[in-house]
Amino acid sequence: MILILDFGSQYTQLIARRVREAHVYCEIHPYNLAIEKIRALEPRGIILSGGPASLYESGAPDIDPAVLDLGCPVLGICYGLYVIAQRFGARSAGARAREYGPATLEIDVTDPLFERLEGRKHRVWMSHGDRIEHLPGALVAIAHSDNSPYAAVRSHDGRLRGIQFHPEVAHTPIGAQVIRNFVIDICGEAGDWTMANFIEAKVAEIRRRVGAREQVVMGLSGGVDSSVAAALIHRAIDQRLKCVFVDTGLLRAGERDRMENHFAKTLGIDLRVADAAALFLKRLDGVLDPEQKRRIIGHTFIEVFEREAAALGGARFLGQGTLYPDVIESISFKGPSATIKSHHNVGGLPERMHLELIEPLRELFKDEVRELGRELGLAADIVDREPFPGPGLAVRIVGEVTGDGLDLLRRADAIVMEEFASMRREEPLWQAFAVLLPLKTVGVMGDGRSYESVIAIRAVESSDGMTADWARLDPGFLARLSSRITNEVRGVNRVVYDITSKPPATIEWE
Ligand code: XMP
């Protein structure tokens with residue numbers, strides 16, 4: 001494995017991604033991981049990440065000196081470069097050497113790190129405030145840029161290398177090859193790591209942590225992350241994984257059946273379904289404000305989950321489908337919207353319940369999680385599922401949530417799901433769903449006048465949910481949606497299509 005020691009760069013997870021793309025297993029650990037633990041991991045190579053600190057600050061983060069003497073190759077990126085250079089007595093220059101954005105890297109010395117690159121000059125991405133001024137004798141420069149005389153360096157024995165640019169970001173086209181060269185050619189990794197290997201390693205790790213007798217309790221939401229995490233933990237400890245599915249009554253049509261069928265029947269997971277619809281509805285009675293809805297739903301969820309988990313008796317661990325982007329807040333998938341809308345999450349739950357966390361997806365990205373889910377045999381409709389907000393249909397009924405409103409919305413939304421599922425598209429949509437508006441409008445039906453509800457359709461394209469654009473749908477498709485909803489859902493006489501991007505609107509209506 002390749003060990004990535006993290007100095008807090010917002011790009012650290014991208015380094016892991018590039019290493020995995022070279023089919024090499026890697027793990028990210030904090031820069032100050034104890035040396036005995038590093039030895040126990042037996043890394044074939046170590047990558048020191050960038051970081052926001054400056055080596056000028058007192059108490060700047062640094063590694064145990066023994067890390068550079070382990071014998072395996074080390075690559076320092078940006079801040080990691082200074083860490084290496086400083087060890088040999090380099091001096092760095094501060095603020096005036098800042099370099100942010102694109103730069104041209106010129107390779108001066110042939111090096112395995114730059115194998116298979118065409119030509120000597122390459123576009124790279126820089127993002128640093130310090131730079132090395134005087135290179136110590138133990139290191140030699142192998143490339144430079146306009147602003148960095150030592151944009152890449154190595155030790156005489158070729159074991160230690162440092163680069164000023166960021167090979168992990170998309171703006172450095174040669175980056176993937178550089179990382180590949182490091183992990184395969186320089187560290188000697190085979191490059192044959194696959195999702196199957198990941199499963200094997202995680203299963204062993206989960207068994208080690210949980211031991212032979214303890215239990216793991218876990219809440220399933222129906223979303224991709226908790227589903228895949230549960231399937232993986234189940235593979236490791238079988239019936240000692242106890243899953244709880246809270247039916248909030250705020251779910252899309254058929255969701256509870258799908259969960260019971262797939263998890264309990266097909267996968268054989270011990271699944272406890274808590275029917276809490278009436279409780280959620282009672283707590284939401286008369287509540288109009290979206291944030292208050294979220295808070296009420298969040299608290300009620302925790303309460304029900306705690307009660308159910310207690311009834312299962314004595315789990316020591318709590319399983320969660322935390323992903324890597326959730327771990328590093330700055331590039332979280334939820335991004336800015338997390339601060340605009342308070343997201344329902346079960347943070348704080350482990351402490352309250354005195355549980356230890358098992359988060360087997362912590363190092364994975366969303367697309368890797370999907371791949372893992374397929375490898376674990378989860379059905380395509382679970383693995384490729386679109387995001388669904390924790391508070392569910394409560395934030396898709398504008399204003400007060402009632403039982404009748406939920407029934408009506410669920411029926412309209414089922415038609416939307418059905419129609420979109422059969423629609424052919426090159427790029428899948430990010431989300432498509434129905435919203436129930438808190439108003440009635442006049443219509444004609446047969447010979448009579450009607451005064452009924454309005455359904456809005458929202459369908460958006462997005463790559464991360466942080467920005468989105470409304471989908472340009474075929475008018476014939478929209479016409480069918482509208483006529484099916486008004487014909488099949490009693491109580492609806494008008495359908496509108498939302499043609500607003502995010503920003504200024506959000507994806508959800510509340
Ligand atoms: P917005 O509406 O903020 O949504 O543009 C961005 C993405 O986040 C989802 N979303 C939520 N997810 N709890 C969640 O777990 C929430 O309260 C919540 N609100 C929005 C939304 O479905 C979209 O994918």
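Is glutamate 255 buried or exposed? At 7% relative accessibility, glutamate 255 counts as buried. Buried means under 20% relative accessible area, exposed means over 50%, and partly exposed lies in between (1.4 Å probe, protein chains only).

## Basis of the model

This is a predicted model: local features need pLDDT of at least 70, side-chain atom pairs count only at pLDDT 80 or more, and totals for chains, interfaces and linings use all residues. Residues are numbered from 1 along each chain as its sequence is written, and side-chain values use heavy atoms, with hydrogens and water left out.

Helices (H or I, at least four residues) and strands (E, at least two) are DSSP runs, numbered from the N terminus.

## Salt bridges

Side chains of opposite charge can pair when their charged atoms come close. A salt bridge here is a side-chain nitrogen of Lys or Arg within 4 Å of a carboxyl oxygen of Asp or Glu. By this rule the count comes to 40 salt bridges.

Glutamate 255 pairs with arginine 258, at 2.8 Å from N to O. Both residues sit in helix α7, three residues apart, about one turn of the helix. Arginine 258 is partly exposed, with a relative accessible area of 27%.

## Bridges across the chain

Arginine 252 forms a salt bridge with aspartate 413, with the closest N and O atoms 2.8 Å apart. Arginine 252 lies in the loop between β13 (241-247) and α7 (255-266), and aspartate 413 lies in helix α15 (residues 403-421), so the pair ties together parts that are 161 residues apart in sequence. Both arginine 252 and aspartate 413 are buried.

Arginine 120 bridges to glutamate 106, and their closest N and O atoms are 3.0 Å apart. This pair also links distant parts of the chain: arginine 120 is in the loop between β6 (99-107) and β7 (121-128), while glutamate 106 is in strand β6, 14 residues apart. Arginine 120 counts as partly exposed, at 45% relative accessibility. Elsewhere, a network of salt bridges links Glu418, Glu419, Arg480, Arg484 and Glu488.

Aspartate 6 lies in strand β1 (residues 2-6).

Polar contacts are present instead. A polar contact is a pair of N or O atoms within 3.5 Å; within protein, one must be able to donate a hydrogen and the other to accept it, and residues adjacent in sequence count only if both atoms are side-chain atoms. The side chain of aspartate 6 makes one with the side chain of threonine 12, at 2.7 Å. It makes another with the side chain of serine 49, at 3.4 Å. Contact means heavy atoms within 4.5 Å. Leaving out residues up to four places away in sequence, aspartate 6 touches Thr12, Ile28, His29, Pro30, Tyr31 and Ser49.

## Helix α13

Helix α13 (residues 366-375) has the buried residues Glu368, Val369, Leu372 and Gly373. Seen down the axis of α13, these fall within an arc of 140°, so they line one face of the helix. The arc is that of the directions from the helix axis to the C-beta atoms.

The cover over these buried residues includes α1 (12-21), α5 (195-210), α6 (224-237) and α14 (380-383). After α13 comes glycine 377, whose phi is positive, near 90°.

## Cysteines

A disulfide is a covalent bond between the sulfur atoms of two cysteines. The criterion is a pair of cysteine sulfur atoms within 2.5 Å. By this rule the count comes to zero disulfides. The sulfur of cysteine 187 is 7.0 Å from the closest cysteine sulfur, in cysteine 72, too far for a bond. Cysteine 187 is buried, at 9% relative accessibility. Cysteine 243 is buried too, at 0%.

## Backbone features

The peptide bond from lysine 502 to proline 503 is cis, with omega near -15°. A cis peptide bond also joins proline 503 and proline 504, with omega about 10°. Proline 503 lies in the segment after β20 (492-497), and proline 504 lies in the segment after β20.

Glutamate 42 is not a glycine, yet its phi is positive, near 45°. Glutamate 42 lies in the loop between α2 (35-41) and β3 (45-48) and counts as exposed at 62% relative accessibility. Arginine 116 also has a positive phi, about 60°, although it is not a glycine. Arginine 116 sits in the loop between β6 and β7 and is exposed at 54% relative accessibility.
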